[in-house]
Amino acid sequence: MPGFSSLMMPTSAVMPSISRHFVADNKVVATSAEKNYDLMYYLKGALAGGICCSITHGALTPVDVVKTRIQLDPIKYNRGLIGGFSQVIAEEGAMGLLTGFGPTVVGYFIQGWFKFGGVEFFKINIAQTLGEQAAWDNRTGIYLGASAMAEFIADVFLCPLEATRIRLVSNPSFADGLASGAARLLKEEGLINGFYSGFGPILFKQIPYTMAKFAVQGAAAEQIASGLGKTTAELTGTTKLGVALGSGVIAGVAAAIISHPADTLLSKVNKAGAGGTGSIASRLVNIASEIGFVKLCTVGLGPRCVMIGSLTAGQFLLFDLVMDITGAQKFHFHNPADEAAH
């Protein structure tokens, strides 16, 4: 996989001059699966993904703190999102809302790097293999497959940081920050139980979430652009950013609803003692039985929709901005019939 074999390249290799086009075989044209997308393009996509995910998740840390508290202790935190803010501030001060900020920023930069970079890599290579017409006809399936593969890779790196974040949020006295929290978790519970007890739930949450996120956003962006009399590849300036924002909100809410039960399980299983002392699978079954199906799907859903809707909209907006700044023209599926008609 050439798109992933050199992801540890130096920063100087990632920060190109501001340019819209490359020459010869490296020319990038965002509307055709026939053109070549080289390693530099995938690195730009990975960088844009890391930046957009770390900024949006970091900015929404206070919402995530309250959402996680509601999921972990709904009896205590029973006053909704706004009331939850007040409770955390009253008990821990305003800085309590930034609990887990370090693991969030670092973890989601790494996850965004592999997720967005991976989606671009898999999406483009599948499209090039199938050819323009087949890629256009099967673009939803390509979105789903590319995002699932990219998310799996990203979650291998995210899971230890997410486990540390949840432990810090559920028990603020556990450690002072990311490094000390991760070290204590590894020492006391080991690599698998400490960092990867939530790997199953995180896959169960993140893979459907990411599949819905990219597939719905792609379809929504196409529909919005079509309503404006354009294709997504023809959008420019504020119109392009507005479409990215609007389609991102739609995709975020859909993805939040789909992934919420697994998100609740993930929050619970990373809490010390939750679900008993058996295997991870048995603990998850115990937790699900204790909560019940309805509560599993609904507790904390409102704050999560607010968070994920805002977060996803911001991610697609920032992703397009960073891609523009680095001179990369984002790949778009192309309908050959449109070109033939002209």
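## Cavities

The structure holds 3 cavities of 30 Å³ or more. The model is a predicted one. The largest cavity contains about 130 Å³ of space. Its lining is made up of 15 residues, and those closest to the centre are His57, Tyr108, Lys205, Gln206 and Ile308. H2, H4, H6, H9 and H13 are the elements that each give two or more residues to this lining.

By class, the lining of the largest cavity has 8 charged, 4 nonpolar and 3 polar residues.

## Largest pocket

The largest pocket has a volume of about 480 Å³. A total of 30 residues line the largest pocket, and Thr232, Lys240, Asp320, Lys330 and His332 lie nearest its centre. Two or more lining residues come from each of helix H4 (101-130), helix H9 (199-227), helix H10 (237-269) and helix H13 (301-325). H9 supplies the largest share of the lining, 5 residues.

The lining of the largest pocket divides into 15 nonpolar, 7 polar and 8 charged residues.

## Packing of H9 and H10

H9 and H10, which both contribute to the lining of the largest pocket, also pack against each other. Their axes come within 7 Å and cross at roughly 170 degrees. Because angles over 145 degrees count as roughly antiparallel, H9 is roughly antiparallel to H10. The crossing of H9 with H10 is right-handed. In the contact between H9 and H10 there are 20 nonpolar, 5 polar and 3 charged residues.

## Packing of H4 and H6

H4 packs with helix H6 (residues 139-170) at an angle of about 170 degrees, and the two axes are 7 Å apart. This angle makes H4 roughly antiparallel to H6. Sorted by class, the contact of H4 with H6 has 21 nonpolar, 6 polar and 6 charged residues. Both H4 and H6 are among the elements that give two or more residues to the lining of the largest cavity.

## Salt bridges

Side chains of opposite charge can pair when their charged atoms come close. With a cut-off of 4 Å between a side-chain nitrogen of Lys or Arg and a carboxyl oxygen of Asp or Glu, the count comes to 11 salt bridges.

Arg69 belongs to helix H2 (residues 61-72) and Glu92 to helix H3 (residues 80-92), so the pair ties together parts that are 23 residues apart in sequence. H2 is also one of the elements giving two or more residues to the lining of the largest cavity.

Terms used
Residues are numbered from 1 along each chain as its sequence is written. This is a predicted model: local features need pLDDT of at least 70, side-chain atom pairs count only at pLDDT 80 or more; totals for chains, interfaces and linings use all residues. Side-chain values use heavy atoms; hydrogens and water are left out. On a 1 Å grid over the protein atoms alone, a cavity is a set of points where a 1.4 Å probe fits but cannot get out, and a pocket is an open set with protein on both sides within 12 Å along at least five of seven lines; lining residues have an atom within 4 Å of a point. Grid points are joined across faces, edges and corners, and a volume is the space filled by probe spheres set on the points. Helices (H or I, at least four residues) and strands (E, at least two) are DSSP runs, numbered from the N terminus. Ala, Val, Leu, Ile, Met, Phe, Trp, Tyr, Cys and Pro count as nonpolar, Asp, Glu, Lys and Arg as charged, and the others, Gly among them, as polar. Axes are lines fitted to C-alpha atoms, for helices over the stretch in contact, and angles run from 0 to 180 degrees between N-to-C directions. Angles under 35 degrees count as roughly parallel, over 145 as roughly antiparallel, 65 to 115 as roughly perpendicular and the rest as oblique. A crossing is left-handed if the near helix is turned anticlockwise from the far one by less than a right angle, and right-handed if clockwise.
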